[in-house]
Amino acid sequence: MTKQPEGALVSHSDKKVAAAALMVEAARMDEDFGSEERTKIIELIESRLGLSSDDSQELLALAEEKSGESSQLFGFTRVIKNSYSPEERLDFMEMMWEVVYADGELHHYEGSLMRRIAGLLYVSDHDNGTARKKALARLGLTG
C-alpha cells in the first residue's frame, strides 16, 4: 500500500489532488515531463494552493500516482468544477497554462488538452485565451 500524505491530501476527490493531477497530465502531454515542469508544478502548489515544500512534494507524488491510474480527465475536472468558483477555475487555467509553457513551448497535444480541460470546466474560449495570455506574461514569454 502506498503511503498517503497526511492532512487534507488523503482523498482522491480532494480538489488539491485533482488540481495537481491535471497539472501532471498537462506536463506529460508532450511526452517529456522534465525538470522545468516539475519545478513549475511545485512552485504553483506552494504559491497558489498554499502548501509547504514537504506537502508539495508529497502532493506531486500522489498526483503522479493518481494521474497514472486514470485515463480520463473527467473525474479530476469534475472535482475542480464542483469545488472551485468560476473565478477560481480561471485562476486554475492560468496555472495549467504555466505548466504547459514551463519548457518554453506549446506542443499541439498540450493545446488540445487545454481546450478539453477548459470545456470540461465550463471555461469559455475567450476566458481560456485570457488565462493563457496572463500565464505567458507571468512567464515572460510571447505566444
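Visitor: Hi! How does the span of H7 compare with what its 15 residues should give?
Guide: The two agree, because at 1.5 Å a residue H7 should span 21 Å, and its end C-alpha atoms are 21 Å apart. The expected span is 1.5 Å times one less than the number of residues. Helices here are DSSP runs (H or I, at least four residues), numbered from the N terminus. Keep in mind that this is a predicted model, where local features need pLDDT of at least 70, side-chain atom pairs count only at pLDDT 80 or more, and totals for chains, interfaces and linings use all residues. Side-chain values use heavy atoms, leaving out hydrogens and water, and residues are numbered from 1 along each chain as its sequence is written.

Visitor: Which residues of H7 are buried?
Guide: Asn 128, Ala 131, Ala 135 and Leu 136; buried means under 20% relative accessible area and exposed over 50%, with a 1.4 Å probe and protein chains only. Seen down the axis of H7, they fall within an arc of 135 degrees, so they line one face of the helix. That arc is taken from the directions from the helix axis to the C-beta atoms.

Visitor: And what's exposed on the other side of H7?
Guide: His 126, Lys 133 and Ala 137.

Visitor: What covers the buried residues, then?
Guide: The cover includes H5 and H6.

Visitor: New topic: where is pLDDT under 50?
Guide: Over residues 1-13; pLDDT is the predictor's confidence in each residue, from 0 to 100. For the protein, the mean pLDDT is 88.

Terms used:
Contact means heavy atoms within 4.5 Å. Helices (H or I, at least four residues) and strands (E, at least two) are DSSP runs, numbered from the N terminus.
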